[in-house]
Structures are given as structure tokens and as C-alpha cells.
Amino acid sequence: MALSLKLPSPSGQIATYTLRGTTPVKPAAGVKFNRIAYSAAHVVADPLAAIDPWLQCAVDWDATIAYRRRLWSLGLGVAEAMDTAQRGMGLDWPTSLELIRRSLDAAKDVPGALVASGCGTDHLVLDNVKTVDDVTAGYEEQMAAIEKLGGKLIVMASRALARVARSPADYERVYDRILSQAKQPVILHWLGDMFDPALKGYWGSDDTGKAMDTALAVIAAHPDKVDGIKISLLDKDKEITMRRRLPAGVRMYTGDDFNYAELIAGDGHGSSPTHGQSDALLGIFDAIAPAAAAALGELAQGNEAKFHAILGPTVPLSRHIFQAPTRFYKTGVVFMAWLNGHQDHFTMVGGQQSTRSLPHLAELLRLADAANLLEQPDLAVRRMNTLLALHGVQP
């Protein structure tokens with residue numbers, strides 16, 4: 001079929017766009033990465049469930065786990081039940097725990113599959129949280145449930161802690177308790193308020209430098225219990241500054257969906273390898289998985305120019321998907337999965353497919369095409385035409 005369609009511009013004008021139709025480069029078979037790379041994976045909603053979509057959560061478990069198997073097959077790990085999966089934004093704790101259980105169970109059939117699971121306090125009713133001890137108890141409840149399943153923890157930033165903490169010492173107290181009990185090294189999680197406004201002032205300060213000092217003090221007190229820290233501040237200089245200050249062997253997992261290519265490639269600074277490069281725990285890796293895997297394979301073989309040639313064109317797409325309001329990036333991730341045939345519908349938990357405009361999604365299609373990320377261009381055209389028709393744009 002013709003790879004042309006009519007797309008709206010940001011000004012609302014309709015113009016014909018013809019896809020390049022170049023499919024993603026495939027990662028070389030058998031190449032082992034020299035970075036740890038987690039994709040924060042989305043969940044596939046069940047559009048046929050008779051629920052109130054804004055109030056209840058229904059997951060298509062088969063499609064959701066199939067998507068994780070795809071990520072593992074590409075050599076990527078899965079960061080489970082994180083914000084990409086709409087954790088705390090439609091996906092509640094009981095469903096999150098079931099997701100973690102199913103993902104860990106599926107991983108047993110995949111040699112070398114990496115899974116790390118989000119441990120938070122999102123089951124707490126915020127108005128009932130009065131003290132940091134309430135927050136600690138909330139973390140401990142989820143921690144016990146995940147560790148009972150054999151899961152590795154990602155200690156997620158807590159809205160409840162940001163609400164009740166009065167000083168950096170309150171953060172140190174909570175994290176000291178959690179890290180002291182952890183059965184295996186955890187990944188800490190620093191999510192900026194551009195992703196979640198409720199996390200403003202995390203680590204006890206609106207000053208990023210002071211907040212970083214507190215986070216580093218927590219890590220320095222428990223270096224054997226911290227595998228690494230994921231920071232999502234969308235500021236490469238702040239990430240590099242913190243990376244260089246981490247204890248030797250503690251990893252920086254970039255969560256910077258604007259600058260991930262150069263951060264993963266690294267600058268080689270410092271006496272420890274972990275000071276000069278970032279590993280990855282990224283929501284955008286869900287949407288660009290084949291390119292991410294191929295690029296990481298090239299980097300592992302010393303082909304940095306090829307790494308950038310593959311990954312560089314994906315950065316404009318990522319910056320578009322994660323544009324403000326950044327918390328709505330999940331819509332772009334799921335849209336990509338639908339365009340590429342990894343799910344049969346463009347429906348999201350909580351009805352969040354409505355959080356981005358048609359012109360935004362049209363530009364996403366153009367950028368995905370430019371980055372060679374449309375796996376079945378003819379399918380992408382058919383599906384985009386369906387969405388356009390629903391919005392009154394006829395082919």
C-alpha cells in the first residue's frame with residue numbers, strides 16, 4: 001500500500017506526509033552489552049473489560065507479558081511496575097504486585113533475563129500519612145511482598161515522604177531503615193517534579209545540589225546495599241556531577257530521556273568505570289527497543305560511532321514524547337507500541353490515551369519514521385488513518 005497519509009500540523013493545517021518506510025536496524029545476535037540496560041515497560045490495558053476506566057484498572061496480562069518477553073529477547077532488562085506502567089497514575093498497588101509476580105514468573109523461562117521491581121508507598125492514603133514512620137511502614141509492606149517473590153527492588157520516590165518530611169534527616173532516616181533490611185542491593189529512584197509535581201523538594205530541598213548531597217550521604221552510608229541510582233532530572237550536567245561522586249562500583253542509571261545517548265556513551269572520567277559512564281533505566285527504551293539494543297551492541301564492540309548513528313536519531317523522538325507536561329509521556333510510549341503492532345488497540349489504563357493531542361501524535365509518527373522506528377510501516381499508516389478518522393480527518 002502507499003505509505004502516504006494526511007497529517008495535521010501544530011497549527012491545525014492538513015498536509016500529505018509520505019513515510020520513508022525504513023524499518024529498525026536489528027541487533028546482532030549473541031552480542032553481550034557492556035552496560036546494564038533496563039526498559040521501564042508499559043502495561044497493555046484490557047479495552048474489553050466492563051469497568052469504569054477512570055476509576056478502575058484492567059490489564060491484558062497476555063499482551064503485557066508478551067511485551068516483556070520481546071524486551072528480554074532484545075537483551076534489555078525490565079524495570080517493572082514503574083511510572084511507565086502508570087504506577088500511581090492508574091495502576092494500583094494490588095495490580096502492580098500481580099504484574100511483578102507475573103513478570104518474575106515469566107523471566108524464569110528466559111536465561112539471563114533481568115527484572116527489577118518498583119517498591120513504593122502508593123498504597124497509602126496520603127491524608128492518613130502523618131509521620132515518616134508511616135512512610136517507612138509503607139515501604140516495608142511493599143518491600144516484603146516483592147522480596148517474598150524473589151524480586152530485586154527499585155526503591156521508588158515516595159509522594160508520601162515528600163509530603164510529610166520536614167528535613168533531609170527525615171529522608172536519611174527512612175532510607176537507612178529500608179536499605180538496612182534489603183536482602184540484595186537495590187536501585188534507588190530520584191524522579192524530578194517535571195515527571196511528578198508531588199515530588200517537588202525531594203531529598204529535603206528545592207536546591208538540587210543540596211538534595212544531591214543528601215542522596216549521596218544515604219548511598220555512602222550503605223554502599224553495599226545500593227546497586228545504583230536512577231535519576232530523572234532531564235539535566236545531563238547534574239547527572240554527570242552526581243555520577244562522578246558515587247562510591248566506586250555504585251552505578252548511575254540514567255533516566256534522562258533527553259540526553260541518554262551521550263550519557264550512556266560516557267566520558268571516561270574518573271578512576272572507577274562507573275564514574276565515567278551511565279547505565280540505563282529508561283522509559284524511552286520501551287518505545288525504541290530495537291534501536292536501543294542494536295546501539296548497545298555496537299557500543300559493546302567498541303563501535304561508538306555506530307552507537308551514536310543508531311541512537312542519535314531517536315533523541316528528537318524521545319524529546320517530543322517527553323515534552324511538558326512530561327508526566328503524559330506514557331501516551332506516546334503506548335502509541336508507539338500500537339503503531340508497531342505490539343498491541344491491538346490504543347487504549348490506556350485510566351483513559352490516558354487522551355492526554356496528548358492529535359497534532360502531537362502526528363508529529364510523533366513523523367519523528368518515529370525519521371528515526372527508522374516503524375517496524376511495519378504499512379500497519380502504522382493503517383492505524384494512524386483509523387485514529388485520524390476518529391478525529392474527523394479523512395484519508
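In this predicted model, aspartate 196 and arginine 159 form a salt bridge, with the closest N and O atoms 2.6 Å apart. Aspartate 196 sits in the loop between strand 7 (186-191) and helix 6 (208-221), while arginine 159 belongs to helix 4 (residues 159-164), so the pair ties together parts that are 37 residues apart in sequence. Aspartate 196 has a relative accessible area of 11% and is buried, whereas arginine 159, at 30%, is partly exposed.

This pair is one of 21 salt bridges found in a search of the whole structure. Another joins arginine 68 to glutamate 80, where the closest N and O atoms are 2.5 Å apart. It links distant parts of the chain, since arginine 68 is in helix 1 (residues 61-73) and glutamate 80 is in strand 4 (residues 77-80), 12 residues apart. Both arginine 68 and glutamate 80 are buried.

Aspartate 378 and arginine 382 also meet in a salt bridge, at 3.9 Å from N to O. They are 4 residues apart in helix 15 (residues 377-390), so about one helical turn separates them. Aspartate 378 is partly exposed, with a relative accessible area of 33%, and arginine 382 is partly exposed as well, at 43%.

The nonpolar residues come next. The largest nonpolar core has 123 residues, and Tyr202 and Phe285 have the most contacts inside it. Leaving aside residues up to four places away in sequence, phenylalanine 285 touches residues including Tyr38, Leu71, Tyr260, Ile264 and Leu296. A second, separate core of 10 residues includes Tyr38, Ala40, Ala79 and Met82.

Note on methods:
Residues numbered from 1 in each chain as written. Predicted model: local features only at pLDDT ≥ 70, side-chain atom pairs only at ≥ 80, totals over all residues. Heavy atoms only, no water. Core = buried A, V, L, I, M, F, W, Y, C linked by side-chain atoms within 4.5 Å. Buried < 20%, exposed > 50% of the residue type's maximum accessible area, 1.4 Å probe, protein only. Contact = heavy atoms within 4.5 Å. Salt bridge = Lys/Arg side-chain N within 4 Å of Asp/Glu carboxyl O. Helix = DSSP H or I, 4+ residues; strand = E, 2+ residues; numbered from the N terminus.
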